[in-house]
Amino acid sequence: CKADVEELLLYRDLVPLLEEALGKFSTRDTEEVIQSVRTAVPLSKHSGFMLLMPTYMEKDAVLCTKFVCMYKREEGSTLPAVNATVVLLDPERGNVKAVMDGEVITAMRTAAVSAISSKLLMDPGAEVLTILGTGTQALSHYNVFTEMFSFKEVRVWSRSIERAESFVRSLKGPVTVSSSVEEVVRGADVIVTVTRCTEPILMGRWVKPGAHVAAVGACRPDRRELDDTLMKEAVVYVDSREGAMAESGDVILSGAEIFAELGDVINRVKPALRNKTTVFKSLGMGIEDAVPAKLIFDKWKAKSSSL
């Protein structure tokens, strides 16, 4: 259940394992990772779609898939915008080993990968963090970024100033709120975009040269958060080339060139160009769910055997 996942999944354990997994993925060694671009099933009647994200890690004996349904809800709707379930299976027998609440896994692994991108690509002297958005992903990103890095200032934006102020009240540290994207972005060293926007809200002319952008929202080919100027002038990194070329509107619609996967940087195949303005376009991958699922299951087994 969700409470068990929250208890067992910690960033200090998850981040190094995800970094190792991203490196394995980028080798394209089928004994390490077999993973296709996720399957999307439209749920047109309900203004949503279902994603299926299977992964097999042969050497690690991990077989996993995530089912996630995403919806465009009306303002004020009490229905969830995202509902996810992660299933861990035995690769030899094919039976289900565990079924886990996917909300916490998705939020934490996505934020952890964004933090890995920042660890690799941001200016080591970064002082100002800006988060665009105030949903579940905004909270997970705030938590891991403030745990891993020592920013002197954190800024938050939301279309609703009331939502932004409510979000900030739930946080532990001091945060500046603004109703202007330009205002919170100007001078920021790291910018995280975790919105439901379908058209660009972050303009390249506002972004400080040498800043790092972790772009998480707009995970469909017809949706965007970043404008052409930013996408074309920045050095673009992704989690998966295939995923970005099939699913990222920011990449597809801008015609931006992908420089490298994060795994290429981890494997030292491509450089981390910290002195340039960089964009990490995050789509999410099955391996990013498989790693925390195995971690949670192994911890749960160890905990149960000690009782």
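Modeller: In this predicted model, five strands form an open sheet in the order E1-E2-E3-E4-E5, and their pairing is antiparallel. At the edges stand strand E1 (39-43) and strand E5 (96-101); each has a single partner strand, so one side of each is left without a neighbour in the sheet. Direction ignored, neighbouring strands of this sheet are turned against each other by 15 degrees on average.

Strand E4 (residues 82-89) is joined to E5 by five bridges, in the antiparallel sense. Within that pairing, Leu89 has Val96 in E5 as its bridge partner. Helix H11 (residues 286-305) packs on the sheet, where it touches strand E2 (48-57), strand E3 (62-71), E4 and E5. The direction of H11 makes about 65 degrees with that of E2.

The nonpolar core may be considered next. The largest such core has 63 residues, and among these Met100 and Phe145 touch the most other members. Helix H3 gives the most to this core, namely 10 residues. The core draws on both domains, with at least three residues from each of domain 1 (2-105 + 287-305) and domain 2 (107-284). Leaving aside residues up to four places away in sequence, Met100 touches Thr85, Val86, Leu88, Ile105, Ala293, Ile296 and Phe297. There is also a second, separate core of 30 residues, whose members include Leu132, Met203, Trp206 and Val236.

The other sheet to be described is also open, but it has eight strands with parallel pairing, in the order E8-E7-E6-E9-E10-E13-E11-E12. Its edge strands are strand E8 (176-178) and strand E12 (258-261), each of which pairs on one side only. From one strand to the next, the twist averages 20 degrees. At one end of the order, strand E7 (residues 153-157) runs parallel to E8, and three bridges join the two. Trp157 stands opposite Ser178 in E8.

The cysteines deserve a brief account. The structure holds zero disulfides. Cys64 is in none, and the nearest cysteine sulfur, that of Cys69, is 16 Å away. With a relative accessibility of 2%, Cys64 counts as buried because the limit for that class is under 20%. For Cys219, the closest cysteine sulfur is in Cys197, at 13 Å, which is too far for a bond, because a disulfide requires sulfur atoms within 2.5 Å. Cys219 too is buried, with a relative accessible area of 12%.

Glu182 is found in helix H6 (residues 181-185). Its relative accessible area is 33%, so it is classed as partly exposed. Glu182 and Arg224 are 42 residues apart in sequence, and their C-alpha atoms are 17 Å apart in space.

Methods:
Residues are numbered from 1 along each chain as its sequence is written. This is a predicted model: local features need pLDDT of at least 70, side-chain atom pairs count only at pLDDT 80 or more; totals for chains, interfaces and linings use all residues. Side-chain values use heavy atoms; hydrogens and water are left out. Two strands pair if DSSP finds at least two bridges between them. Helices (H or I, at least four residues) and strands (E, at least two) are DSSP runs, numbered from the N terminus. Axes are lines fitted to C-alpha atoms, for helices over the stretch in contact, and angles run from 0 to 180 degrees between N-to-C directions. Buried means under 20% relative accessible area, exposed over 50%, partly exposed in between (1.4 Å probe, protein chains only). A nonpolar core is a set of buried Ala, Val, Leu, Ile, Met, Phe, Trp, Tyr and Cys residues joined through side-chain atoms within 4.5 Å. Domain bounds come from an automatic or database domain assignment. Contact means heavy atoms within 4.5 Å.
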